[in-house]
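Keep the viewer open beside the text as you read.

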Amino acid sequence: MDQCGRIRLILGENGLKQRQLAAGLGVTESYISKLLRDPGIRLSPSLAALVEERYGYRAQWLLTGQGPKLRQARGQQGELSELHQRALARLEKLDPWQLRAVLAFVDSLEEVGRCLEEGKE
């Protein structure tokens with residue numbers, strides 16, 4: 001997969017439009033469009049590092065296609081599954097209100113699990 005394909009993959013996996021990715025990276029939408037069309041246009045290492053910081057896709061993978069696609073979450077021991085890594089990358093992009101809503105949802109799932117366990121006894 002070339003760099004264009006890797007950028008398309010990032011858009012697809014995160015449900016982003018070109019303009020949203022451009023805004024998140026502080027570049028123009030036309031620049032993202034050019035990156036998607038022209039494999040000769042290369043991302044700079046600094047922009048690839050920003051993609052890693054904001055979206056969790058490793059800069060080395062984005063630039064070369066080599067190495068792990070997603071970075072491991074900071075402070076975690078052991079390997080996280082790709083699904084966990086994708087979830088964490090998306091959580092990092094949420095604003096505080098959205099993050100509180102996600103945490104409330106997770107808490108409710110835990111409560112449902114406890115209720116189901118109590119019903120089995």
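**Helix packing, step by step**

Helix 1, helix 3 and helix 4 are among the elements that cover the buried residues of helix 2. Before going further, a word on where this comes from: the model is predicted, so to speak of local features requires pLDDT of at least 70, side-chain atom pairs count only at pLDDT 80 or more, and totals for chains, interfaces and linings use all residues. Residues are numbered from 1 along each chain as its sequence is written, and side-chain values use heavy atoms, with hydrogens and water left out.

Helices here are DSSP runs (H or I, at least four residues), numbered from the N terminus. Buried means under 20% relative accessible area, exposed means over 50%, and partly exposed lies in between, with a 1.4 Å probe and protein chains only. In helix 2, the buried residues are Leu21, Ala22, Gly24 and Leu25. They cover an arc of only 165° around the axis, which puts them on the same side of helix 2; the arc is that of the directions from the helix axis to the C-beta atoms. After helix 2 comes glycine 26, with a positive phi near 75°.

Now look at how helix 2 meets helix 3. Their axes come within 8 Å and cross at roughly 115°; axes are lines fitted to C-alpha atoms, for helices over the stretch in contact, and angles run from 0 to 180 degrees between N-to-C directions. Helix 2 and helix 3 are therefore roughly perpendicular to each other. For such labels, angles under 35 degrees count as roughly parallel, over 145 as roughly antiparallel, 65 to 115 as roughly perpendicular and the rest as oblique. The crossing of helix 2 and helix 3 is right-handed, meaning that the near helix is turned clockwise from the far one by less than a right angle. From helix 2, Gln18, Arg19, Leu21, Ala22 and Leu25 meet Glu29, Ile32, Ser33 and Leu36 of helix 3, where contact means heavy atoms within 4.5 Å. The residues of this contact divide into five nonpolar, two polar and two charged. In this scheme Ala, Val, Leu, Ile, Met, Phe, Trp, Tyr, Cys and Pro are nonpolar, Asp, Glu, Lys and Arg are charged, and the others, Gly among them, are polar.

Helix 3 also packs with helix 1, at an angle of about 125° and with the axes 7 Å apart. Helix 1 and helix 3 are therefore oblique to each other. Here Gln3, Cys4, Ile7, Arg8 and Leu11 of helix 1 meet Leu35, Leu36 and Arg37 of helix 3. By class, that contact has five nonpolar, one polar and two charged residues.

Which residues of helix 4 are buried? In this helix, spanning residues 45-55, they are Leu47, Ala48, Val51 and Tyr55. Seen down the axis, these buried residues fall within an arc of 105°, so they line one face of helix 4. Pro45, Ser46 and Glu53, on the other side of helix 4, are exposed. The buried residues of helix 4 pack against helix 1 (3-14), helix 2 (18-25), helix 3 (29-37), helix 5 (59-64) and helix 6 (82-91). Glycine 56 follows helix 4, and its phi is positive, near 85°.

Finally, two single residues. Glutamate 82 lies in helix 6 and, at 47% relative accessibility, counts as partly exposed. Leaving aside neighbours within four places in sequence, glutamate 82 is in contact with Lys69 and Leu70. Leucine 94 sits in the loop between helix 6 and helix 7 (96-120). Leucine 94 is partly exposed too, with a relative accessible area of 28%.

Terms used:
Helices (H or I, at least four residues) and strands (E, at least two) are DSSP runs, numbered from the N terminus.
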